[in-house]
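Keep the 3D view open while you read.

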Amino acid sequence: MVTNCCGEPMLNYLWGFMIIIGVIYGAFTGNIQAVADGAINSAKDAVTLCITMLGVMSLWTGLMEIAEKSGLIKTCTEKISPVMRWLFPYVPPQHDAMKHMTTNVIANILGLGWAATPAGLRAMNSLAQLNDYDKTASNAMCTFLVINVSSLQLIPVNIIAYRSQYGSTNPTAVVAPAIIATLVSTIVAVIFCRIMLRRDYSAKKTRRSESGVRG
Amino acid sequence: MKAVVAVSTYIIPVVMMLIVIHGMIKNVNVYDEFVNGAKDGMKTVVSIVPTLIGLMMAVGILRASGFLDLISSALGNVTDKIGLPAPLLPLLLVRMFSSSAATGLTLDLFKEYGTDSLIGLIASIATSATETIFFTISVYSVAAKITKTRWTLAGALISTVAGIVASVVLATLMSTSS
């Protein structure tokens, strides 16, 4: 998960056009007073929302600090390494790439966006090294990216904070459904990657046997 | 579906308890470490205040101008056929490009339709189960200096669609069972 607020290049255009379209459309439809109020009230709402988020977010990062210090996060990382080996059969288990990918996956699951992104970037770097810095993505890179963006997450901390700010009667009611939905998207991602891997492998095999016949 | 909601209510308290128990077994000063970690959370939230102000303001302007309603009514005929409420479409599209812009739209939907309405539930579940695929893939590709991503985008789109379908189904089940 990329939670970094800055450096999203598309956002500069998106944001700019949102303001321009909103003001022009509001002027044409006679809603310009509402547009002015909307801008000011939304800015105020953002600050109130952040006060709720201060609580919920700090609660979660506090718990994660305990999990980090007690070695729980390290244990989780070790527990998923067989799964990682199955997903990335061509990456040597002791290679740095495997270590960074595992850290990235665990950080994503626990909602530690700020830890996930640096590990993910380092993983891509190590994978590039394994791929001899080819311009075409390796199978491991494709698999890693697809699984990364399928967004496996245990507890959607942000959404819970937003829901409680906007008066939900049960802000955490969506936790289990969100886990199921994210599992569905991740399982679909894994199946897709396995199919592509197998297809790639059998294509290579046929090519090899054809050249073998000729040679 | 009631059972799923009940499980949801248990997950956070149980996870909290397990983390604390594990910490105490390992002789961690659990309270001190909690306070330490909470400071990081404070810093993270303070650093996103300007982002949230900027985005909620932009979405607030679009909402007040009536433009979001225009999009929803224009897309309504198409989306209604597949059981997806039209006001969600802008969110689901923006979600693939920018996570902060998607946050602005999610909050707008919560305000406009309520967190526990069908729209609010789909927005909650779908934003948790999807990712900013275009942004993440491009940043990671730059890191690995690759220009051809082969089947990455196809896989990411398929898994996003699967996550959205699952969100709509689960949210519909939740809102009809309660």
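Glu65(A) and Lys69(A) bring their side chains together in a salt bridge, 2.9 Å from N to O. That term stands for a side-chain nitrogen of Lys or Arg within 4 Å of a carboxyl oxygen of Asp or Glu. Side chains of opposite charge can pair when their charged atoms come close. These two sit about one helical turn apart, because they are 4 residues apart in helix 2 (residues 32-69) of chain A. Over all chains, the structure holds 12 salt bridges.

A quick word on ground rules: this is a predicted model, where local features need pLDDT of at least 70 and side-chain atom pairs count only at pLDDT 80 or more, while totals for chains, interfaces and linings use all residues. Residues are numbered from 1 along each chain as its sequence is written, chains are lettered from A and ligands numbered from 1 in the order in which they are written, and side-chain values use heavy atoms, with hydrogens and water left out.

Now hop over to chain B. It has 8 helices and 0 strands (DSSP runs numbered from the N terminus: H or I of at least four residues for helices, E of at least two for strands). Its C-alpha trace spans about 60 × 50 × 35 Å along its principal axes.

Take a look at helix 2 of chain B. Its 36 residues should span 52 Å at 1.5 Å a residue, and the end C-alpha atoms are 50 Å apart, which agrees (the expected span is 1.5 Å times one less than the number of residues). The helix bends by about 35° at Val49(B), with a proline, Pro50(B), following within four residues; the bend is the angle between axes fitted to the seven residues ending there and the seven starting there. After helix 2 of chain B comes Gly66(B), with a positive phi near 90°.

So where do the two chains meet? The contact (heavy atoms within 4.5 Å) takes 97 residues from chain B and 102 residues from chain A. Together they bury about 8500 Å², 76% of it on carbon and sulfur atoms; buried area is the accessible area (1.4 Å probe) that two parts lose on being put together, summed over both. In chain B, Ile19(B), Tyr140(B) and Trp151(B) lose the most area to chain A, together 10% of what that side buries.

Salt bridges turn up here too: the rule finds 4 across the interface of chain B and chain A. Arg163(A) and Asp116(B) form a salt bridge through their side chains, at 2.8 Å from N to O.
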